[in-house]
Amino acid sequence: MVTGELKNKIDGLWDIFAAGGLVNPLDVIEQITYLMFIHDLDDSDNVKAKESAMLGITYQSIFAEEVKIGERSINGNQLKWSVFHDFPADRMYTVMQEWVFPFIKGLHSDKNSAYSKYMDDAIFKLPTPLVLSKVVDSLDEIYNLMTKEKTTDADIRGDVYEYLLSRISQSGLNGQFRTPRHIIKMMVELMAPCPADILCDPACGTSGFLVESGSYLRENHKEEIFYDRQKKDHYMNHMFHGYDTDRTMLRIGAMNMMTHGIDNPFIEYRDSLSDQNADKDKYTLILANPPFKGSLDAESVSADLLKVCKTKKTELLFLTLFVRMLKIGGRCACIVPDGVLFGSSTAHKAIRKEIIENQRLEAVISMPSGVFKPYAGVSTAVLIFTKTEHGGTDNVWFYDMTADGRSLDDKRSPVNENDIPDIIERFKNLENEKDRKRTEKSFLVPKQEIVDNDYDLSINKYKETEYIPVEYPPTSEIMANIKELESSIQKELAELEKMLSED
């Protein structure tokens, strides 16, 4: 959550756009994202150059000595943020409009790539050199502040974007909100992606799950990925897949992925629930926070999904979709609203039965209702399962998360209480959970007990509350105390009346 000085800086940045005539929130977000992308290209190019030098690999900078823009060849150095941000306003505007923006639009050599497709209709909308100069100065201040606070680059775009989206929600224009980064990070660590995985988020938004998965792989499998030519090609060009129905989100998502070192992610405009999405038995890992609400054209929903789960509820249809899209042995971690866990409709029971009886349900992590504040107050849970098509659910692990390291009000301020490290540690050592009591934060529940409860997955169905007996004194002693208090009150009242009468 953005707070304090950083919040004030972003509010100031927003005011600069408003003063320049840009008042549509999505336009503002998009323009800020373009500029942050340009800023991060400079930083990431320097990082890649250093990493290549350490690994003894030749690296060709994207800001090579001569860069071709249309029919002209120019010195690539002038396209770097660290260089042009010192130019006078008029020259900076000319460089941005005529060189830098066309450069980032044509950055990817593959014209069929996600990046090229969604940057093709990108428009640079800052109206004057003065507005651009003020925005660039403001962004420099924001980056300096984030560096001072030792917040990573991955968080800058996410936090700024999250805060700006809160402005959209307040305007009533759009209900989109991003999954908090620490929840994304928890889910990625729980699933521990490996270099051979094929990842997908069928409702990817700004690609948060894909970006975090890429970061996890770089941190934990760096040598394996970057020293093996085949695995590096898989990582750069074939591992990451994301779909969304909002072109602005796709554009931001593609830029987000490229900034984080993934050259050619497969980010595509697609209604994942429709017949337009034919993916089946394709992915080894799905990480997602699908939309819980929203308009749904029932006629466009894939017939395959309706066979398993006949409903208009998007959260149930997405669960059905995840099962279809996974390969045998593929894993899924997804966020669902609490209603999915205990809903009594035929469709609710059908999808729970499908996952428990035909696949292998491994974990249900209940999260407190404040996790998605200030955008939504709905209670949610993380479901983790593996596609087997022949069952395998034995014991299901339940965890009752009550704290995520942030206050559960609209402010979401940092607090000391945080169950996330404990969740990750316990999930990776489930053999130690067998003797845990139902009164504790986490415990295992046998499959048969869940079946007997009509496939109910709400933790309150299985959690036991420990009642501590309280010893009360005998009734006679309580009555004596009441009489003593009554007597004392009467005595004090008599004294008060005496004092008043003397006056």
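This note goes through the predicted model point by point, from the overall make-up to single residues.

1. Basis of the note. Because the model is predicted, local features are given only where pLDDT is at least 70 and side-chain atom pairs only at pLDDT 80 or more, while totals for chains, interfaces and linings use all residues. Residues are numbered from 1 along each chain as its sequence is written, and side-chain values use heavy atoms, with hydrogens and water left out.

2. Overall make-up. The protein has 19 helices and 13 strands, where helices (H or I, at least four residues) and strands (E, at least two) are DSSP runs numbered from the N terminus. Of its 503 residues, 51% are buried, a term that stands for under 20% relative accessible area, with exposed meaning over 50% and partly exposed the range in between (1.4 Å probe, protein chains only). Among contacts (heavy atoms within 4.5 Å) between residues at least 6 apart in sequence, 72% join residues at least 24 apart.

3. The nine-stranded sheet. Nine strands form an open sheet of mixed pairing in the order β5-β4-β3-β6-β7-β9-β8-β10-β13, two strands being taken as paired if DSSP finds at least two bridges between them. Its edge strands, each pairing on one side only, are β5 (266–269) and β13, and the twist averages 15 degrees from one strand to the next. In general, strands of a sheet pair through backbone hydrogen bonds, either parallel or antiparallel. Within this sheet, β7 (residues 326–337) and β9 (residues 380–386) pair in the antiparallel sense over seven bridges, and P337 has T380 in β9 as its bridge partner.

4. A helix across the sheet. Helix α9 (residues 208–220) lies across β3 (199–201), β4 (240–244), β5 and β6 (283–288), and runs at about 170 degrees to β4. For such angles the axes are lines fitted to C-alpha atoms, for helices over the stretch in contact, and the values run from 0 to 180 degrees between N-to-C directions.

5. S442 is found in β13 (residues 442–446) and is buried, with a relative accessible area of 0%. Its side chain makes polar contacts with the side chain of E433 (2.6 Å) and with the side chain of R436 (3.1 Å). A polar contact here is a pair of N or O atoms within 3.5 Å; within protein, one must be able to donate a hydrogen and the other to accept it, and residues adjacent in sequence count only if both atoms are side-chain atoms. Leaving aside neighbours within four places in sequence, the residues in contact with S442 include W397, F398 and Y399.

6. Aromatic pairs. Rings of Phe, Tyr and Trp (its six-membered ring) are paired if their centres lie within 6.5 Å, and planes under 30 degrees apart count as stacked, over 60 as edge-to-face and the rest as tilted. By this rule the count comes to 13 aromatic pairs. F63 and F103 form a tilted pair, 5.8 Å centre to centre with 40 degrees between the planes. Because F63 lies in the loop between α2 (25–55) and β1 (66–69) and F103 in helix α4 (residues 89–105), this pair ties together parts that are 40 residues apart in sequence. F63 is buried at 9% relative accessible area, and F103 is buried at 8%. The rings of F398 and F443 have centres 6.1 Å apart and planes at 20 degrees, so this pair is stacked; F398 lies in strand β10 (residues 395–400) and F443 in strand β13, so the pair ties together parts that are 45 residues apart in sequence. Both F398 and F443 are buried. Elsewhere, ring pairs link Y34, Y93, F101 and F124 into a cluster.

7. Charges over rings. A charge is taken to sit over a ring if NZ of Lys or CZ of Arg is within 6 Å of the ring centre and within 35 degrees of the ring normal. R91 lies over the face of F87, at 3.9 Å from the ring centre, and R270 lies over the face of Y243, at 3.9 Å from the ring centre.

8. Loop residues to look at. Most residues other than glycine have a negative phi. D454 has a positive phi, near 60 degrees, and Y455 also has a positive phi, near 60 degrees. D454 lies in the loop between α18 (447–452) and α19 (475–502), and Y455 is in the loop between α18 and α19. D454 is partly exposed, with a relative accessible area of 40%, whereas Y455 is buried, with a relative accessible area of 11%. In the loop between β9 and β10, T388 counts as buried at 9% relative accessibility, and, leaving aside neighbours within four places in sequence, T388 is in contact with I328, N358, Q359 and R360.
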